[in-house]
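Open the structure in your viewer and keep the selection tool at hand. The stops below are meant to be followed in order.

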Amino acid sequence: MQTRAVPTICKICDEHCGILVTDSGHEVMIEGNGTHPLSRGFVCVKGKHYGHVHHSDQRLKKPLLKRPSGWEEISFEDALDILASKLLRCREEFGAESIVFYKGEGLKHFEIAQYMRHLANGFGSPNYVSVGSLCHYSQVLGHSLTYGGKPVPDFEKIGVAVIWGANPAISVPRTFGDLRKALRRGMKLLVIDPASTRTAKLADIHLRIRPGSDGYLATALMKYAIEDRGLSPTDEYEEGWEEFVESMKRMSHDDLLGETDVDPVSFKAAASMIFDNLPGWTTVGLGLEHRPGGVQTIRATACLQSLLDPENRPAHIAAPLKPLPGSDRYPHMNAPIGASETPLFTSGRREGQGMLWDRAIMDGDPYPVRAMLVAGGNPMVTFPSRQRQGEALTRLDFLAVFDLFMTPTAQLAHLVIPGSDHLDNTELHDYGRVGRPYLGLMRPVTSSPVGWPTWKLVFECGRRLGLESLFPWKDNREALAARLSGTGVTLEELEDSPSATCQYAYERPGSKEWHTKDGKIHYRSIALQETGNTPFPLPETFSLPYNTDDNFPFWLSTGDRVSAFQHGQFREIPTYCNLGPQAMVEIHPDAARALGIDHQDLVVVSTRYGRVEIHAEHSPDVRQDSLRMTHGWEEANANDLTGLEHFDRISGFPWLRCVPARIERKISP
Ligand SMILES: Nc1nc2c(c(=O)[nH]1)N[C@H]1C(S)=C(S)[C@@H](COP(=O)(O)OP(=O)(O)OC[C@H]3O[C@@H](n4cnc5c(=O)[nH]c(N)nc54)[C@H](O)[C@@H]3O)O[C@H]1N2
Ligand SMILES: Nc1nc2c(c(=O)[nH]1)N[C@H]1C(S)=C(S)[C@@H](COP(=O)(O)OP(=O)(O)OC[C@H]3O[C@@H](n4cnc5c(=O)[nH]c(N)nc54)[C@H](O)[C@@H]3O)O[C@H]1N2
Ligand code: SF4
Ligand SMILES: [Mo]
């Protein structure tokens, strides 16, 4: 039993707040850590109550092997032997590329992600696949194709923030605190979102844009910047500017605005607010990523950003960790899944595009995939088209799942291995990605560890696959010590730090040129041109495969975040369910009344891909032509309403927002 509060890092979401954990033996208490350099004592509702998840009696405790008679408990050693022998047999019969190593959001994106990729590539499979197939990378691509990275805001300095298709008040509550501070200092806020979100309610101006039309609005703002304010890039480091300006001249301002449903007066007020308060910072979210045309829409916002703060030249900060042994000489690998459809995604991330794995499993396209290890992810709930995912995953010769709970994905597996959570794991996190040169250490802090830490699964699996030279360490402490040598930070310093973080030295990149390969800002993208895409972010690249019509008259957004849940997680924990909300679809009261739908009525929502029965909630926060719902529910699964047929042709991202849909009251039989 340990009653001292131990500093570590919360890993539920990507904010990685500093927390203090006290374990009384039967209860885990979590509070914010005031000494953490980024979170400074903040902890959100999910982080605070996590002890209930840790101690949940529904946690998986023993590995389970599926037998015709049901699940059989086996030892961890036997589970790892079975896993390795199945993967080796599959490689022998079908080639290493027939095995997908999938890492979900549960394992986050830093050190453990590197280990997972190392395991896959070391084994010879190009098909390391991650949740990056539908999370965040579309915006990274949109920004990096334009100016080499994502701009990080300096909240002390920016005069105006434009938040576009994101709801940081819920999705990044720690960062949102910094934004609120800037608002109190006088920074202006423009929110562009069809819904009146908690973030939008704090905005100086909120443009309730028609879903799916953001590219047109960005173009209208560019035209305003050029034609009304006479702005242009301030130096010679640009590619294609003049041609871009010429193309925009051919478009009428009224036509562009007409697409967006933003009235000219509101547009003028928003545009004036932006350009009267420079420097500005634009950030985008899933509202722009989850759709065909997403990367080009994001590029349109990035082109605009280049005029809002030309001094902010995005540069990547990363701790200089020692490379993983052997990562410079992996065996020969075939191209990953998606290399021919989305080459900029697969080469940029050096991984497969998971939105295309169903074709590989079901149709052998581009080659058969026969086995999968799913770690820290639940694609049966979080990937588009649950039905197709189910068909594909059950078709595999072998599926192993590494998780804390018996998820719907785990239920389909042949082998389930219990993982330990972030209170029993050791892992490094680099805050460089958000522009802060700090390393943080997550470490085991409870007296009641359950399951295996992720590093142990990877190292033990690696050894059994004959990859000892890639994982030469006896444990993760040894591995981290080796990785850290050269950063100026030691493992002991991290362990002794009251904030569980240490600052590292890094080379500040030069600020003259943009951080693209040729130092230029790419209004015309050569990379897009070379891959057969339209090089400029112009209206023809924003249009959706189809729009709303009489049959599907509403724009449905699936997956809007709510404070108490992390994707499909915590639904089995009463504390979190009481914090709510329950599964529901929001509809404007006037639209609902016109359809005879009362508050809390059971309704059927349908799209071209499927239908869901769910309770309706009247909400003036959504547009009259829109519906919104959360994702993550096994029943009322938002991904019964999404499909795999249409995706963004650059990133491969699926269509989960602005999906044409219908809603009807459920008539009892
Ligand atoms: N509590 C909680 N926090 C989370 C998560 C969680 O599951 N729970 N998940 C985390 C993860 S992995 C991620 S990737 C982030 C995502 O964080 P965000 O990108 O902030 O995601 P959302 O909350 O879905 O916000 C998307 C917004 O886009 C709007 N939108 C929908 N369609 C359109 C459109 O056509 N145009 C425009 N302009 N807007 C549109 C929606 O109304 C919504 O407000 O959240 C993270 N934070
Ligand atoms: N319709 C729709 N679908 C979406 C989205 C949307 O907006 N709309 N958002 C998409 C986005 S942005 C994302 S990021 C994905 C997320 O998709 P997933 O990665 O599937 O997210 P989770 O449901 O959080 O699943 C994480 C799993 O990891 C497990 N886990 C947590 N911590 C650990 C650990 O330490 N070790 C192990 N072994 N397991 C752990 C949890 O129990 C959980 O089952 O969802 C996507 N799906
Ligand atoms: S915002 Fe909440 S869930 Fe995310 S890291 Fe911080 S405490 Fe954890
Ligand atoms: Mo995500």
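The tour goes to a ligand site and then to the cysteines.

Keep in mind throughout that this is a predicted model.

**Stop 1: the ligand and its shell.** Select ligand 2 and show the residues around it. There are 34 of them, and the closest are K11, E105, T382, D403 and Q569. Colour this shell by residue class: 19 of its residues are polar, 9 are nonpolar and 6 are charged.

- Select R657. An N or O atom in the side chain of R657 lies 2.8 Å from an oxygen atom of ligand 2.
- Select T558. Here the side chain again supplies the N or O atom, 2.9 Å from a nitrogen atom of ligand 2.

On its own, ligand 2 has 920 Å² of accessible area, and the protein covers 98% of that.

**Stop 2: the cysteines.** Select every cysteine and display the sulfur atoms. How many disulfides does a search of the whole structure find? The search finds 0.

Centre on C577. The closest cysteine sulfur to that of C577 is in C44, 16 Å away; a disulfide needs the two sulfur atoms within 2.5 Å, so this pair is too far apart for a bond. C577 counts as buried, because its relative accessibility is 18% and the limit is under 20%.

Last, select C10. With a relative accessible area of 10%, C10 is buried as well.

Terms used. Residues are numbered from 1 along each chain as its sequence is written. Chains are lettered from A and ligands numbered from 1 in the order in which they are written. This is a predicted model: local features need pLDDT of at least 70, side-chain atom pairs count only at pLDDT 80 or more; totals for chains, interfaces and linings use all residues. Side-chain values use heavy atoms; hydrogens and water are left out. A residue is near a molecule or strand if one of its heavy atoms lies within 4 Å of it. A polar contact is a pair of N or O atoms within 3.5 Å; within protein, one must be able to donate a hydrogen and the other to accept it, and residues adjacent in sequence count only if both atoms are side-chain atoms. Accessible areas come from the Shrake-Rupley method with a 1.4 Å probe; for residues, only the protein chains shown count as cover. Ala, Val, Leu, Ile, Met, Phe, Trp, Tyr, Cys and Pro count as nonpolar, Asp, Glu, Lys and Arg as charged, and the others, Gly among them, as polar. Buried means under 20% relative accessible area, exposed over 50%, partly exposed in between (1.4 Å probe, protein chains only).
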